[in-house]
Amino acid sequence: MNPLSFIDFKTQHQPRAYVNSVVRFHHEFTEKQRLEAAKKAGWNVFQFPSEMLRGGDLLSDSGTTTLTAEQTAAMFLGDEAYGSNYGYFELLKTFEEVFGISARDTEMYLFHQGRAAEHALFTQIGKFGSGLKIPSNGHFDTTRANIENNGIEAIDCFSKELNSPKYAAFKGNMDLDALELLLKQDARRIPIVYMTVTNNSGGGQPVSMENMKAVRMLCKKYEKPLFFDACRFAENTWFVKNREDGYAKKEVAAIVKEMFSLCDGFTISLKKDGLGNMGGALIIKKQTVFAKQHQQLLNDIRDHQILTEGHPTYGGLTGRDIMTICVGLKTVITQQYLNSRIGQVHEFGRYLKELDIPILEPFGGHAIYIDMDKFFEGTKHTRPDFGGIAFTGLLLLKGVRLCELGAFAFGENHPYNFVRCAIPRNKYEIQDLYYVADCVKILFNQRKKLPRAVPVYGRDLTLRHFKARFELKEIV
Ligand code: F0G
(Lines give C-alpha, C1' and ligand atoms only; values in the text may rest on other atoms or scores of the structure.)
Protein backbone atom coordinates (compact mmCIF):
# COMPACT_ATOMS: atom_id res chain seq x y z
CA MET A 1 0.00 0.00 0.00
CA ASN A 2 1.20 3.51 -0.75
CA PRO A 3 1.92 4.98 2.70
CA LEU A 4 0.57 8.35 1.57
CA SER A 5 -2.61 7.10 0.00
CA PHE A 6 -5.02 8.32 2.67
CA ILE A 7 -3.89 11.93 2.89
CA ASP A 8 -6.59 13.34 0.61
CA PHE A 9 -9.04 14.34 3.33
CA LYS A 10 -11.42 17.19 3.97
CA THR A 11 -11.60 19.05 7.28
CA GLN A 12 -14.51 20.66 9.05
CA HIS A 13 -12.68 23.96 9.65
CA GLN A 14 -10.63 25.90 7.15
CA PRO A 15 -7.73 28.15 8.05
CA ARG A 16 -8.04 31.82 7.32
CA ALA A 17 -6.89 32.40 3.78
CA TYR A 18 -3.87 34.52 4.58
CA VAL A 19 -2.24 34.39 7.95
CA ASN A 20 0.03 37.29 8.79
CA SER A 21 2.40 36.64 6.00
CA VAL A 22 3.11 38.55 2.84
CA VAL A 23 4.48 35.41 1.23
CA ARG A 24 1.22 33.58 1.72
CA PHE A 25 -0.61 36.49 0.18
CA HIS A 26 1.19 35.88 -3.09
CA HIS A 27 1.15 32.11 -3.42
CA GLU A 28 -1.22 29.22 -3.18
CA PHE A 29 0.29 25.75 -3.04
CA THR A 30 -1.25 22.44 -3.95
CA GLU A 31 -0.87 19.23 -1.96
CA LYS A 32 1.17 17.83 -4.83
CA GLN A 33 3.65 20.73 -4.53
CA ARG A 34 3.79 20.19 -0.80
CA LEU A 35 4.43 16.50 -1.29
CA GLU A 36 7.35 17.24 -3.60
CA ALA A 37 8.72 19.73 -1.05
CA ALA A 38 8.28 17.26 1.84
CA LYS A 39 10.16 14.56 -0.04
CA LYS A 40 12.89 17.03 -0.93
CA ALA A 41 13.07 17.94 2.78
CA GLY A 42 13.51 14.27 3.66
CA TRP A 43 10.27 14.56 5.71
CA ASN A 44 12.18 16.71 8.18
CA VAL A 45 9.78 19.46 9.25
CA PHE A 46 12.61 21.90 9.90
CA GLN A 47 13.62 21.68 6.23
CA PHE A 48 10.14 22.32 4.85
CA PRO A 49 9.57 25.80 3.33
CA SER A 50 7.39 27.83 5.68
CA GLU A 51 5.70 29.71 2.84
CA MET A 52 3.86 26.47 2.04
CA LEU A 53 2.30 26.31 5.51
CA ARG A 54 -1.07 27.84 5.00
CA GLY A 55 -2.73 25.87 7.80
CA GLY A 56 -0.72 26.59 10.89
CA ASP A 57 2.96 26.66 11.64
CA LEU A 58 3.14 25.34 15.20
CA LEU A 59 6.77 24.26 14.96
CA SER A 60 7.83 26.71 17.62
CA ASP A 61 6.61 29.61 19.70
CA SER A 62 10.12 31.03 19.60
CA GLY A 63 10.73 34.23 17.64
CA THR A 64 7.50 33.60 15.75
CA THR A 65 5.56 36.34 17.53
CA THR A 66 3.63 38.87 15.50
CA LEU A 67 4.73 42.25 16.78
CA THR A 68 2.01 44.37 18.31
CA ALA A 69 1.28 47.87 17.06
CA GLU A 70 3.09 49.25 20.11
CA GLN A 71 6.14 47.15 19.38
CA THR A 72 6.18 48.16 15.74
CA ALA A 73 5.93 51.80 16.72
CA ALA A 74 8.76 51.43 19.23
CA MET A 75 10.88 49.72 16.59
CA PHE A 76 11.16 53.01 14.73
CA LEU A 77 12.81 54.53 17.78
CA GLY A 78 15.53 51.90 17.55
CA ASP A 79 18.87 53.63 17.59
CA GLU A 80 21.42 51.76 15.50
CA ALA A 81 24.48 53.08 17.29
CA TYR A 82 27.51 50.89 17.83
CA GLY A 83 27.85 51.87 21.45
CA SER A 84 25.27 52.69 24.10
CA ASN A 85 22.22 52.89 21.87
CA TYR A 86 19.04 54.42 23.26
CA GLY A 87 17.30 51.03 23.52
CA TYR A 88 19.98 49.62 25.79
CA PHE A 89 19.14 52.11 28.52
CA GLU A 90 15.45 51.54 27.95
CA LEU A 91 16.06 47.81 28.34
CA LEU A 92 17.93 48.29 31.62
CA LYS A 93 14.96 50.28 32.91
CA THR A 94 12.54 47.64 31.62
CA PHE A 95 14.45 44.83 33.35
CA GLU A 96 14.30 46.80 36.57
CA GLU A 97 10.59 47.47 36.15
CA VAL A 98 9.65 43.90 35.13
CA PHE A 99 12.08 41.66 37.02
CA GLY A 100 12.76 43.97 39.93
CA ILE A 101 16.52 43.85 39.44
CA SER A 102 18.40 47.09 39.31
CA ALA A 103 21.05 47.72 36.70
CA ARG A 104 23.43 48.73 39.48
CA ASP A 105 23.17 45.35 41.16
CA THR A 106 23.33 43.10 38.13
CA GLU A 107 25.53 42.12 35.25
CA MET A 108 23.36 42.03 32.16
CA TYR A 109 24.79 40.27 29.14
CA LEU A 110 22.78 40.64 25.95
CA PHE A 111 22.86 37.93 23.31
CA HIS A 112 21.10 37.33 20.03
CA GLN A 113 19.19 34.40 21.52
CA GLY A 114 18.84 32.20 24.59
CA ARG A 115 21.29 29.48 23.63
CA ALA A 116 24.06 32.00 23.04
CA ALA A 117 23.60 33.11 26.65
CA GLU A 118 23.66 29.45 27.76
CA HIS A 119 26.78 28.87 25.70
CA ALA A 120 28.57 31.75 27.40
CA LEU A 121 27.53 30.68 30.89
CA PHE A 122 28.31 26.97 30.56
CA THR A 123 31.58 27.54 28.71
CA GLN A 124 32.84 29.40 31.77
CA ILE A 125 31.27 27.05 34.34
CA GLY A 126 32.79 24.10 32.47
CA LYS A 127 36.18 25.49 33.42
CA PHE A 128 35.46 24.95 37.14
CA GLY A 129 36.67 21.33 36.86
CA SER A 130 35.78 17.87 35.65
CA GLY A 131 32.92 15.55 36.60
CA LEU A 132 30.45 18.40 37.12
CA LYS A 133 26.68 17.92 37.17
CA ILE A 134 23.85 20.41 36.73
CA PRO A 135 20.42 19.30 37.97
CA SER A 136 17.22 20.83 36.65
CA ASN A 137 13.47 20.25 36.68
CA GLY A 138 13.96 19.61 32.94
CA HIS A 139 16.73 20.90 30.71
CA PHE A 140 15.65 22.21 27.34
CA ASP A 141 17.55 20.54 24.48
CA THR A 142 19.83 23.50 23.71
CA THR A 143 20.55 23.93 27.42
CA ARG A 144 21.41 20.27 27.74
CA ALA A 145 23.59 20.41 24.61
CA ASN A 146 25.47 23.48 25.86
CA ILE A 147 26.01 21.85 29.26
CA GLU A 148 27.17 18.53 27.84
CA ASN A 149 29.34 20.21 25.25
CA ASN A 150 31.37 21.55 28.16
CA GLY A 151 31.84 18.13 29.73
CA ILE A 152 29.15 18.67 32.36
CA GLU A 153 26.39 16.14 33.02
CA ALA A 154 22.87 17.56 32.61
CA ILE A 155 20.46 15.82 34.98
CA ASP A 156 16.67 16.05 34.77
CA CYS A 157 14.67 15.84 37.99
CA PHE A 158 11.19 15.83 36.43
CA SER A 159 8.32 15.87 38.90
CA LYS A 160 6.76 12.52 39.70
CA GLU A 161 3.36 13.90 38.68
CA LEU A 162 4.45 14.61 35.11
CA ASN A 163 4.06 11.05 34.01
CA SER A 164 0.79 10.42 35.79
CA PRO A 165 -2.60 10.85 34.12
CA LYS A 166 -3.90 12.34 37.39
CA TYR A 167 -4.43 16.09 37.59
CA ALA A 168 -1.65 18.08 39.18
CA ALA A 169 -1.55 21.87 39.00
CA PHE A 170 2.23 22.14 38.63
CA LYS A 171 3.64 19.16 36.78
CA GLY A 172 6.66 21.24 35.76
CA ASN A 173 8.00 21.23 39.32
CA MET A 174 11.44 20.00 40.35
CA ASP A 175 11.41 16.60 42.05
CA LEU A 176 12.71 17.83 45.41
CA ASP A 177 13.68 14.36 46.67
CA ALA A 178 15.74 13.65 43.57
CA LEU A 179 17.40 17.07 43.84
CA GLU A 180 18.20 16.68 47.51
CA LEU A 181 19.63 13.23 46.93
CA LEU A 182 21.96 14.63 44.28
CA LEU A 183 22.96 17.53 46.49
CA LYS A 184 23.62 15.20 49.39
CA GLN A 185 25.65 12.73 47.39
CA ASP A 186 27.49 15.04 45.08
CA ALA A 187 27.36 18.63 46.33
CA ARG A 188 31.00 19.20 45.43
CA ARG A 189 30.33 18.48 41.78
CA ILE A 190 27.25 20.68 41.42
CA PRO A 191 28.20 24.24 40.42
CA ILE A 192 24.63 25.52 40.06
CA VAL A 193 21.03 24.32 40.18
CA TYR A 194 18.85 25.24 37.20
CA MET A 195 15.08 25.63 36.91
CA THR A 196 13.19 25.96 33.64
CA VAL A 197 9.95 27.96 33.89
CA THR A 198 7.69 26.87 32.34
CA ASN A 199 9.10 23.40 31.80
CA ASN A 200 9.33 23.03 28.03
CA SER A 201 10.87 19.54 28.03
CA GLY A 202 8.32 18.55 30.67
CA GLY A 203 5.21 19.15 28.61
CA GLY A 204 5.27 22.96 28.91
CA GLN A 205 4.01 22.50 32.46
CA PRO A 206 4.23 25.29 35.03
CA VAL A 207 6.32 25.43 38.20
CA SER A 208 4.74 26.55 41.45
CA MET A 209 6.13 29.36 43.55
CA GLU A 210 6.15 26.92 46.44
CA ASN A 211 8.43 24.59 44.47
CA MET A 212 10.74 27.44 43.46
CA LYS A 213 10.95 28.49 47.10
CA ALA A 214 11.66 24.92 48.21
CA VAL A 215 14.44 24.63 45.65
CA ARG A 216 15.80 27.97 46.86
CA MET A 217 15.86 26.58 50.41
CA LEU A 218 17.70 23.46 49.29
CA CYS A 219 20.20 25.58 47.41
CA LYS A 220 20.69 27.64 50.56
CA LYS A 221 21.17 24.54 52.67
CA TYR A 222 23.82 23.14 50.34
CA GLU A 223 25.24 26.58 49.44
CA LYS A 224 24.45 26.34 45.76
CA PRO A 225 23.46 29.14 43.42
CA LEU A 226 20.06 28.90 41.75
CA PHE A 227 19.64 29.93 38.12
CA PHE A 228 16.42 30.11 36.14
CA ASP A 229 15.86 29.41 32.49
CA ALA A 230 13.19 32.07 32.40
CA CYS A 231 12.01 31.93 28.77
CA ARG A 232 8.32 31.68 29.66
CA PHE A 233 8.30 33.44 33.02
CA ALA A 234 5.11 35.41 32.34
CA GLU A 235 3.10 32.39 31.29
CA ASN A 236 4.31 30.59 34.40
CA THR A 237 3.10 33.52 36.47
CA TRP A 238 -0.39 33.16 35.03
CA PHE A 239 -0.53 29.62 36.44
CA VAL A 240 0.77 30.73 39.84
CA LYS A 241 -1.89 33.43 39.99
CA ASN A 242 -4.69 31.15 38.84
CA ARG A 243 -3.80 27.89 40.55
CA GLU A 244 -1.68 28.51 43.61
CA ASP A 245 -3.10 29.32 47.02
CA GLY A 246 -2.57 32.88 48.08
CA TYR A 247 -1.82 34.38 44.67
CA ALA A 248 -5.26 35.03 43.14
CA LYS A 249 -5.38 38.62 44.35
CA LYS A 250 -1.75 39.47 43.59
CA GLU A 251 -0.84 41.42 40.47
CA VAL A 252 1.06 39.49 37.81
CA ALA A 253 3.83 42.10 38.03
CA ALA A 254 4.25 41.48 41.75
CA ILE A 255 4.38 37.71 41.29
CA VAL A 256 7.07 38.09 38.63
CA LYS A 257 9.19 40.13 41.02
CA GLU A 258 8.70 37.61 43.80
CA MET A 259 9.85 34.84 41.50
CA PHE A 260 12.99 36.64 40.38
CA SER A 261 13.90 37.52 43.96
CA LEU A 262 14.59 33.78 44.43
CA CYS A 263 17.39 33.31 41.91
CA ASP A 264 21.04 34.28 41.71
CA GLY A 265 20.76 34.80 38.00
CA PHE A 266 18.97 33.63 34.91
CA THR A 267 19.23 32.98 31.23
CA ILE A 268 16.35 34.00 29.02
CA SER A 269 15.39 33.68 25.41
CA LEU A 270 13.55 36.91 24.70
CA LYS A 271 12.02 35.21 21.66
CA LYS A 272 9.31 33.76 23.88
CA ASP A 273 7.93 35.94 26.65
CA GLY A 274 10.06 38.88 25.49
CA LEU A 275 7.72 38.90 22.46
CA GLY A 276 10.82 39.50 20.37
CA ASN A 277 11.73 37.99 17.04
CA MET A 278 15.32 37.86 18.29
CA GLY A 279 17.04 38.27 21.62
CA GLY A 280 18.45 36.61 24.69
CA ALA A 281 20.19 37.56 27.90
CA LEU A 282 22.15 36.28 30.85
CA ILE A 283 21.65 38.06 34.13
CA ILE A 284 23.88 37.57 37.16
CA LYS A 285 23.08 39.35 40.40
CA LYS A 286 26.22 41.02 41.70
CA GLN A 287 25.38 40.84 45.39
CA THR A 288 25.24 37.05 45.44
CA VAL A 289 27.88 34.72 46.82
CA PHE A 290 28.16 33.22 43.33
CA ALA A 291 29.08 36.57 41.76
CA LYS A 292 31.41 37.51 44.59
CA GLN A 293 33.22 34.18 44.38
CA HIS A 294 33.53 34.26 40.62
CA GLN A 295 34.63 37.75 39.66
CA GLN A 296 36.85 36.31 36.94
CA LEU A 297 33.86 34.46 35.48
CA LEU A 298 31.92 37.72 35.22
CA ASN A 299 34.77 39.24 33.27
CA ASP A 300 35.28 36.15 31.10
CA ILE A 301 31.60 36.05 30.14
CA ARG A 302 31.86 39.71 29.16
CA ASP A 303 34.83 38.87 26.94
CA HIS A 304 32.98 35.90 25.50
CA GLN A 305 30.09 38.19 24.70
CA ILE A 306 32.27 40.80 23.02
CA LEU A 307 34.10 38.15 21.00
CA THR A 308 30.95 36.46 19.76
CA GLU A 309 28.18 39.08 19.82
CA GLY A 310 29.60 42.59 19.83
CA HIS A 311 29.60 45.47 22.21
CA PRO A 312 27.83 44.75 25.52
CA THR A 313 25.26 47.45 24.83
CA TYR A 314 23.80 45.70 21.79
CA GLY A 315 24.96 42.08 22.14
CA GLY A 316 24.05 40.69 18.75
CA LEU A 317 20.83 42.69 18.47
CA THR A 318 19.80 45.64 16.39
CA GLY A 319 18.49 48.74 18.15
CA ARG A 320 15.13 47.89 16.60
CA ASP A 321 15.10 44.41 18.19
CA ILE A 322 15.91 45.91 21.57
CA MET A 323 13.04 48.38 21.36
CA THR A 324 10.52 45.64 20.51
CA ILE A 325 11.70 43.65 23.52
CA CYS A 326 11.32 46.66 25.85
CA VAL A 327 7.67 46.93 24.89
CA GLY A 328 7.16 43.14 24.71
CA LEU A 329 8.34 42.55 28.26
CA LYS A 330 5.84 45.06 29.57
CA THR A 331 3.02 43.61 27.47
CA VAL A 332 3.46 40.01 28.60
CA ILE A 333 2.90 40.83 32.22
CA THR A 334 -0.52 42.35 31.64
CA GLN A 335 -3.53 40.33 32.70
CA GLN A 336 -5.37 40.93 29.40
CA TYR A 337 -2.49 39.63 27.33
CA LEU A 338 -1.96 36.52 29.47
CA ASN A 339 -5.68 35.68 29.59
CA SER A 340 -5.94 35.85 25.84
CA ARG A 341 -2.67 33.99 25.26
CA ILE A 342 -3.25 31.11 27.64
CA GLY A 343 -6.97 31.12 26.86
CA GLN A 344 -6.23 30.45 23.21
CA VAL A 345 -3.80 27.62 23.95
CA HIS A 346 -6.35 26.05 26.29
CA GLU A 347 -9.25 26.39 23.84
CA PHE A 348 -7.11 24.57 21.26
CA GLY A 349 -6.39 21.87 23.84
CA ARG A 350 -10.06 21.61 24.76
CA TYR A 351 -11.00 21.08 21.13
CA LEU A 352 -8.30 18.42 20.64
CA LYS A 353 -9.61 16.67 23.72
CA GLU A 354 -13.16 16.84 22.41
CA LEU A 355 -11.78 15.04 19.34
CA ASP A 356 -10.33 12.35 21.65
CA ILE A 357 -6.71 13.11 20.77
CA PRO A 358 -4.46 11.86 23.62
CA ILE A 359 -2.86 15.01 24.96
CA LEU A 360 -0.97 15.92 28.08
CA GLU A 361 -3.16 17.43 30.79
CA PRO A 362 -3.55 19.85 32.30
CA PHE A 363 -2.56 22.03 29.36
CA GLY A 364 0.64 24.03 29.62
CA GLY A 365 1.23 27.64 28.70
CA HIS A 366 2.69 27.71 25.22
CA ALA A 367 1.89 24.38 23.63
CA ILE A 368 -0.26 21.31 23.60
CA TYR A 369 1.64 18.04 23.67
CA ILE A 370 0.26 14.97 21.91
CA ASP A 371 1.26 11.76 23.64
CA MET A 372 2.47 9.58 20.77
CA ASP A 373 2.70 6.39 22.81
CA LYS A 374 -1.02 6.66 23.54
CA PHE A 375 -1.76 7.89 20.02
CA PHE A 376 -0.36 4.64 18.58
CA GLU A 377 -1.72 2.34 21.27
CA GLY A 378 -3.34 -0.72 19.70
CA THR A 379 -1.45 -0.29 16.40
CA LYS A 380 1.67 -2.00 15.09
CA HIS A 381 3.69 1.14 15.76
CA THR A 382 6.53 0.93 18.26
CA ARG A 383 8.89 3.74 19.22
CA PRO A 384 11.63 2.73 16.72
CA ASP A 385 9.09 3.21 13.93
CA PHE A 386 9.25 6.94 14.71
CA GLY A 387 5.54 7.33 14.07
CA GLY A 388 5.69 10.89 15.42
CA ILE A 389 8.01 11.82 12.55
CA ALA A 390 5.71 10.22 9.98
CA PHE A 391 2.68 11.94 11.54
CA THR A 392 4.29 15.40 11.49
CA GLY A 393 5.59 14.72 7.98
CA LEU A 394 2.13 13.91 6.64
CA LEU A 395 0.63 17.01 8.25
CA LEU A 396 2.95 19.11 6.10
CA LEU A 397 0.87 18.05 3.12
CA LYS A 398 -2.07 19.89 4.69
CA GLY A 399 0.03 22.99 5.32
CA VAL A 400 0.36 22.22 9.04
CA ARG A 401 3.65 21.96 10.91
CA LEU A 402 4.09 20.41 14.35
CA CYS A 403 7.30 19.24 16.01
CA GLU A 404 8.31 15.78 17.17
CA LEU A 405 9.87 16.03 20.61
CA GLY A 406 10.00 12.38 21.52
CA ALA A 407 11.40 9.05 20.43
CA PHE A 408 13.41 10.56 17.61
CA ALA A 409 14.41 13.95 19.04
CA PHE A 410 15.36 12.65 22.47
CA GLY A 411 15.97 8.96 21.82
CA GLU A 412 13.81 5.88 21.97
CA ASN A 413 14.29 5.46 25.73
CA HIS A 414 13.35 9.00 26.74
CA PRO A 415 10.60 9.05 29.39
CA TYR A 416 8.30 11.08 27.12
CA ASN A 417 7.28 10.67 23.53
CA PHE A 418 5.49 13.83 22.44
CA VAL A 419 4.58 15.74 19.35
CA ARG A 420 4.34 19.38 20.31
CA CYS A 421 1.90 21.94 18.95
CA ALA A 422 3.58 25.20 20.00
CA ILE A 423 1.40 28.25 19.51
CA PRO A 424 3.13 31.41 18.27
CA ARG A 425 2.15 34.51 20.21
CA ASN A 426 -0.30 37.02 18.74
CA LYS A 427 -0.34 35.20 15.45
CA TYR A 428 -3.22 32.82 14.89
CA GLU A 429 -6.95 32.95 15.31
CA ILE A 430 -8.77 30.06 16.89
CA GLN A 431 -10.19 28.85 13.57
CA ASP A 432 -6.63 28.29 12.33
CA LEU A 433 -6.02 26.09 15.34
CA TYR A 434 -9.33 24.24 14.86
CA TYR A 435 -8.14 23.43 11.36
CA VAL A 436 -4.86 22.03 12.75
CA ALA A 437 -6.85 19.92 15.20
CA ASP A 438 -9.15 18.61 12.44
CA CYS A 439 -6.11 17.47 10.47
CA VAL A 440 -4.67 15.78 13.56
CA LYS A 441 -7.98 14.02 14.15
CA ILE A 442 -8.20 12.64 10.64
CA LEU A 443 -4.70 11.16 10.89
CA PHE A 444 -5.55 9.85 14.36
CA ASN A 445 -8.53 8.02 12.88
CA GLN A 446 -6.15 6.45 10.36
CA ARG A 447 -3.47 5.66 12.93
CA LYS A 448 -3.33 1.96 12.17
CA LYS A 449 -2.35 2.72 8.61
CA LEU A 450 0.08 5.57 9.28
CA PRO A 451 3.51 4.86 7.84
CA ARG A 452 6.72 4.50 9.80
CA ALA A 453 9.65 6.88 9.31
CA VAL A 454 12.94 5.26 8.42
CA PRO A 455 15.98 7.48 8.92
CA VAL A 456 18.11 7.46 5.81
CA TYR A 457 20.55 10.05 7.07
CA GLY A 458 21.64 11.30 10.47
CA ARG A 459 20.27 8.63 12.75
CA ASP A 460 23.35 8.73 14.97
CA LEU A 461 24.20 12.42 14.76
CA THR A 462 23.96 14.70 17.78
CA LEU A 463 20.86 16.94 17.74
CA ARG A 464 19.66 14.60 15.05
CA HIS A 465 16.11 15.89 14.79
CA PHE A 466 17.38 19.06 13.12
CA LYS A 467 19.48 17.24 10.57
CA ALA A 468 18.06 13.81 9.80
CA ARG A 469 16.26 12.77 6.64
CA PHE A 470 13.65 10.04 6.36
CA GLU A 471 11.68 7.87 4.03
CA LEU A 472 8.10 6.96 4.88
CA LYS A 473 7.42 3.26 4.58
CA GLU A 474 4.40 1.10 5.11
CA ILE A 475 4.04 -0.13 8.70
CA VAL A 476 4.74 -3.84 9.06
N1 F0G B 1 15.31 27.35 27.10
C2 F0G B 1 14.07 26.94 26.78
C3 F0G B 1 13.17 26.45 27.88
C4 F0G B 1 13.63 27.00 25.47
O5 F0G B 1 12.39 26.61 25.18
C6 F0G B 1 14.51 27.49 24.47
C7 F0G B 1 14.11 27.52 23.08
C8 F0G B 1 15.79 27.91 24.85
C9 F0G B 1 16.15 27.82 26.17
C10 F0G B 1 16.78 28.43 23.85
O11 F0G B 1 16.42 29.70 23.40
O12 F0G B 1 15.93 29.43 20.97
O13 F0G B 1 16.45 31.66 21.94
O14 F0G B 1 18.21 29.98 21.70
N15 F0G B 1 13.09 26.94 22.66
C16 F0G B 1 12.57 26.94 21.31
C17 F0G B 1 11.41 26.00 21.22
C18 F0G B 1 13.58 26.76 20.25
O19 F0G B 1 10.94 25.76 20.12
O20 F0G B 1 10.94 25.52 22.25
P21 F0G B 1 16.76 30.22 21.93
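**The ligand and its setting**

Mentor: In this predicted model, the domain assignment of the chain gives domain 1, made of residues 3-61 + 335-473, and domain 2, which covers 69-331. The C-alpha centres of domain 1 and domain 2 are 28 Å apart, and 25 residues of domain 1 are in contact with 26 residues of domain 2. Between them the two domains bury about 2300 Å², of which 58% is on carbon and sulfur atoms; on the side of domain 1, Leu338, Pro362 and Tyr416 supply 25% of the area buried against domain 2, more than any other three residues.

Turning to the ligand itself, there are 17 residues around it, and those that come nearest are Arg115, Asp229, Ser269, Lys272 and Arg420. By class, the shell around the ligand divides into two nonpolar, eight polar and seven charged residues, and helix α5, spanning residues 114-125, gives the most to this shell, with three residues. Several side chains can be followed down to single atom pairs. An N or O atom in the side chain of Asp229 is 2.6 Å from a nitrogen atom of the ligand, while a polar side-chain atom of Lys272 lies 3.0 Å from a ligand nitrogen atom. For Arg232, the distance from an N or O atom of the side chain to an oxygen atom of the ligand is 2.9 Å. As for cover, the ligand taken alone exposes 470 Å², and the protein buries 94% of that area.

Note on methods
Residues are numbered from 1 along each chain as its sequence is written. This is a predicted model: local features need pLDDT of at least 70, side-chain atom pairs count only at pLDDT 80 or more; totals for chains, interfaces and linings use all residues. Side-chain values use heavy atoms; hydrogens and water are left out. A residue is near a molecule or strand if one of its heavy atoms lies within 4 Å of it. A polar contact is a pair of N or O atoms within 3.5 Å; within protein, one must be able to donate a hydrogen and the other to accept it, and residues adjacent in sequence count only if both atoms are side-chain atoms. Accessible areas come from the Shrake-Rupley method with a 1.4 Å probe; for residues, only the protein chains shown count as cover. Helices (H or I, at least four residues) and strands (E, at least two) are DSSP runs, numbered from the N terminus. Ala, Val, Leu, Ile, Met, Phe, Trp, Tyr, Cys and Pro count as nonpolar, Asp, Glu, Lys and Arg as charged, and the others, Gly among them, as polar. Domain bounds come from an automatic or database domain assignment. Contact means heavy atoms within 4.5 Å. Buried area is the accessible area (1.4 Å probe) that two parts lose on being put together, summed over both.
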